[in-house]
Amino acid sequence: MYLTKDEERLLESDNDTIRKCMEILVAEGEANEAERLVEVKSAHISGVSYDNIGEAGLEWLESLDAKLKVPATLNPAGMDVERWREMGIDEEFHEKQMRVLRVFERLGVRMTLTCTPYYLLRPEFGDHLAWAESSAIVYANSIIGARTERESGPSAIAAAIIGKIPYYGVHIKENRAPTIFVRLKGDLAAAGYKAGRELRDQIPYFVFDRSVTEEELKLLGAALAATGNTVMFHAENYTPEWKDFEKPAEKIEVDDRLERACEPDLITIGCPHASVRELETILKLMGGRKAKKEFWVFTARDVARKAEKIVQKLEELGVKVFSDTCMVVSPATSKFRCIMVNSGKALYYLPNKRDVDVAFGDLRKCVETAVS
């Protein structure tokens, strides 16, 4: 991989952190046969929950000593930093998690604690990014038309400090071409869950049997990335680049039938984090009725502030609107037996991460289950 003289100097820096970051980027670039590095507009860092990174990850983070070259946002932590006791988080976990967050704060990372950074700092079409949250990666590539590969937490940190990322994969226009034509039917989160298993690392070209919302596309991408290895899709009439390539010859059809059910003792929404419009929809579907089961909704703290009145009304109806975390990365959900979700991503990860049974339903069904 070609390095400029300035990049070579960074690789020989006296600053251990800068040198390690360049070593990470060079290793990634060489492994993927990148020709060079490219400047990025922003980074989004995953591996934030102490539950995920553990003591070894915390030790590595605390060894870092540098400032960011480009703006960086942060993925969800393992708890709501203000309401962690209410979630059932213990003192030891709280202390470890706050140590993780203090490292990122010291580095200059924006403390967004969300998997939907595009609601707060939206990239522009064509921007090169270094994002390390699978659902945000698909959203950025497919709905915004920005360019990011599937980064790890360490490579996103390295990119934020150096300001560059290896130029390979979907950073390059011709590598963004769709490889298979897929007709999706029904609920997009459920269909995306099934499609990801079938397509693995292909780039699908989707057509739908109805008009869809951006929130549905968000859930579709999150499910695809969870069950497959997809970094982007093309959706006819929705993706900025959907007309730029020929339609693939190979065609398949995927429906939304899922055989996943149990009697939930917790209903959760917000994987990826809920938008203002989703919060409004939940409130409307509640119709003034109170939740009779434990009902948790996750959203970015900045989004919750924008929708303060909606959040207040939801809380009055017994809905707990948490920020900074989600049902997947927080150990708080491990105490439940069956969790109902409207997210293909949560459907995939919860049984493995939290050892719980999972029921699936669309947003309306989740609300009806919570109030019945």
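Tutor: One term to start: buried means under 20% relative accessible area, exposed over 50%, and partly exposed in between, with a 1.4 Å probe and protein chains only. This is a predicted model: local features need pLDDT of at least 70, side-chain atom pairs count only at pLDDT 80 or more, and totals for chains, interfaces and linings use all residues. Residues are numbered from 1 along each chain as its sequence is written, and side-chain values use heavy atoms, with hydrogens and water left out.

Student: OK. Is E33 buried or exposed?
Tutor: E33 counts as exposed, because its relative accessibility is 74%. Its phi is near 55°, a positive value in a residue other than glycine.

Student: And where does E33 lie?
Tutor: In the loop between α2 (16-31) and β1 (37-39). Those labels are DSSP runs, numbered from the N terminus: helices are H or I with at least four residues, strands E with at least two.

Student: What about phi of R200?
Tutor: That one is near 55°, also positive in a residue other than glycine. R200 sits in the loop between α8 and β7. At 45% relative accessibility, R200 counts as partly exposed.

Student: What is the peptide bond from C271 to P272?
Tutor: It is cis, with omega near 5°. P272 is in strand β10 (residues 266-274). Most peptide bonds are trans.

Student: Switching to sheets. In what order do the four strands of the open sheet come?
Tutor: The order is β8-β7-β6-β9, with parallel pairing. Two strands pair if DSSP finds at least two bridges between them. The edge strands are β8 (234-235) and β9 (251-254), and each pairs on one side only.

Student: How many bridges join β6 and β9?
Tutor: Four, in the parallel sense; β6 covers residues 180-184. R183 stands opposite E253 in β9.

Student: Now rings. How many aromatic pairs are there?
Tutor: Twelve, from a search of the whole structure. Rings of Phe, Tyr and Trp (its six-membered ring) pair if their centres lie within 6.5 Å; planes under 30 degrees apart count as stacked, over 60 as edge-to-face and the rest as tilted. Y118 and Y119 are edge-to-face, because their centres are 4.9 Å apart and their planes at 75°.

Student: And why is the pair of Y118 and Y139 stacked?
Tutor: Because the ring centres are 3.6 Å apart and the planes lie at 5°. Both Y118 and Y139 are buried.
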